[in-house]
Amino acid sequence: MQRHGARRLTAQAPLAITKWTSYHNSLSTTPHLLHENKDHQLFCDLLEACKLSSDLKTAIETHARIIRFGYATHSSLSASLISIYVNCDRLNLAYQVINQVFSWTIDLVALNLVIENFMREGDYEIANKVFCKMPARDVVTWNSMIGGLVRNARFEDALRFFRAMLSSNVEPDKFTFASVITACARLGVLDHAQWVHDLMVKKRIELSFILNSALIDMYSKCGRIQIAKQVFISVQRSDVSIWNSMINGLAVHGLALDAITLFSRMEEENVLPDSITFLGILAACSHCGLVKEGRKYFDLMKSHYLIQPQLEHYGAMVDLLSRAGLLEEAYATIKAMPMEPDVIIWRALLSACRTYQKPGLGEVAITNISRLESGDYVLLSNIYCSQKRWDSAQGVREMMKMNRVRKIRGKSWFEWAGVVHKFKAGDRSHPEVEAIYKILEGLIQRTKLEGFLPATELVMMDVSEEEKEGNLYYHSEKLALAYGIFKTCPGTEIRISKNLRICNDCHNWIKMVSRLLSRVIIVRDRIRFHRFEGGSCSCGDYW
């Protein structure tokens, strides 16, 4: 029997199991150790096919054959079976397999592999079940859980597990810290980041180039670019990843000229840039509208360093041109690409169509996005709303309803006293909600007296101006800012993170608040950092 790939087996799981049975019947009844690896792979392929096709019946038949032929103690097969049963909503069968695993082994290596397999599949809850049942845990066990949580974007859970690890009798190692640093970076929580860094020093963890790169990235994404620079200066810089982390950090802070200067230093110190280096440089140029420089480095990558641009590099160029308003050139770049553009590239063009009010080209972008998400509909609807084309905007909303697409809610968070406080638009669930809204409404009145006018054209509804203003006033970043003002002393810097791109209304409003309160307010959105001070923003209103 020839080995089948999982994709080919997706719709052929029952046929595959019949072929597998015929194959085994043709073998001698004597032990066939030579076939063991092949058998194991065949079972892996069968289970993958069952998972992709949600074929519970074939999975159960395969499970029976796994037991019959003596493969029940293979941890990877057990993990696959549990994953299938979970996907098919047969949790009773999943828990039976978990119990079987513990009946035949308490070997840490095997159980750690089971956890690793679950995390790779995104089955956090099942991995946690196995973790909780384990009679003993070593550093690999904890690393599998923490690293798996980070890979599955469960950053707060990763930090919670790390704290639990510190309370156990297992010491974290450099792999633990690499995952935890990444969690801090993705959340942008500075207090946690400094605590983790101090702990690394206290425990005398040897700093590899991987950890040094991660530290630079962490401080950059926590809004402390100066500390990131200090780490960069203090470490060995022979590995290109160190430079890449620093260049990318400068890029998200809008420090394009610093990133370009750093690129020149790479050449002086004989460190060859790689494809990631050029991604960082192009991103830096994009955030600051340096079109000429972006074109230069895109050409330099090909001509001087002989690095062939990948999809991501073309995407960065499209983003650069789109942000600068060169939409026709951006579209021409897409059409000239030697590979198929991905959804990210079309979304970059669509976003710029909203900024520069180009509904025709926006519709072209929409038609090329194979699977529309809520943000795509919202961008197109906002284009129509800005031009008061209410019928077209209504048509987009009807499409969203028909396709059961819900708008992704904006979320912002503010770290205070070791706790991450989360807010959604119009949220009233916070225990200190009354104080938050009192401060926010006071700020709204003060900014109105100063002449602030809400950007009501951003609200994709044909309703009264008063209703539109109410919709804008309670965006998540405004609630987070109000809470930050409530909790911090006058003059203290306030740092907020957001899951989406900051809207123009919130951006202009926070600029005014920074001037009225003489406060530095830093907002990290999905794209970059915004440092508000004295009524202006570090992005120069270009983001």
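Guide: Start with the second largest pocket, where α3 gives the largest share of the lining, 6 residues. The model is predicted, so to speak of local features a pLDDT of at least 70 is needed, side-chain atom pairs count only at pLDDT 80 or more, and totals for chains, interfaces and linings use all residues. Residues are numbered from 1 along each chain as its sequence is written, and side-chain values use heavy atoms, with hydrogens and water left out.

Now the pocket itself. A pocket is an open set of points on a 1 Å grid over the protein atoms alone, with protein on both sides within 12 Å along at least five of seven lines; a cavity is a set where a 1.4 Å probe fits but cannot get out; lining residues have an atom within 4 Å of a point. The second largest pocket holds about 280 Å³ of space. Volume here is the space filled by probe spheres set on the points, which are joined across faces, edges and corners. The lining has 15 residues, and E48, S76, S80, N117 and E121 lie nearest the centre. Three helices each supply at least two lining residues: α3 (36-53), α5 (75-87) and α7 (108-121). Helices (H or I, at least four residues) and strands (E, at least two) are DSSP runs, numbered from the N terminus. By class, the lining has 5 nonpolar, 5 polar and 5 charged residues. Ala, Val, Leu, Ile, Met, Phe, Trp, Tyr, Cys and Pro count as nonpolar, Asp, Glu, Lys and Arg as charged, and the others, Gly among them, as polar.

Next, the loop between α5 and α6 (91-104). D89 is found there. Its phi is near 60°, a positive value in a residue other than glycine. D89 counts as exposed because its relative accessibility is 61%. The cut-offs are these: buried is under 20% relative accessible area, exposed is over 50%, and partly exposed is in between, with a 1.4 Å probe and protein chains only. Q357 also has a positive phi without being glycine, near 55°. Q357 is found in the loop between α21 (343-355) and α22 (359-367). At a relative accessible area of 39%, Q357 is partly exposed.

G148 is a buried residue, with a relative accessible area of 0%. It lies in helix α9 (residues 139-151). Neighbours within four places in sequence aside, G148 is in contact with M119 and N143. Contact means heavy atoms within 4.5 Å. S179 is 31 residues from G148 along the chain, and their C-alpha atoms are separated by 8.8 Å.

The whole structure has 2 cavities of 30 Å³ or more. The largest cavity holds about 110 Å³ of space. It is lined by 16 residues, and G188, C222, R495, I496 and S497 lie nearest its centre. The elements that give two or more residues to this lining are β1, β3 (494-498) and β4 (521-524). The lining divides into 9 nonpolar, 3 polar and 4 charged residues.

Rings of Phe, Tyr and Trp (its six-membered ring) pair if their centres lie within 6.5 Å; planes under 30 degrees apart count as stacked, over 60 as edge-to-face and the rest as tilted. The whole structure has 16 aromatic pairs. F232 and W243 form an edge-to-face pair, 5.1 Å centre to centre, with 80° between the planes. F232 is in helix α14 (residues 225-234) and W243 in helix α15 (residues 240-252), 11 residues apart. Both F232 and W243 are buried. F414 and Y483 have ring centres 6.0 Å apart and planes at 85°, so this pair is edge-to-face too. It links distant parts of the chain: F414 is in strand β1 (residues 411-416) and Y483 in helix α27 (residues 476-487), 69 residues apart. F414 is buried at 3% relative accessible area, and Y483 is buried at 1%. One aromatic cluster is formed by F263, F278, Y297 and Y305.

Finally, the whole chain. It has 28 helices and 6 strands. Of its 543 residues, 50% count as buried.
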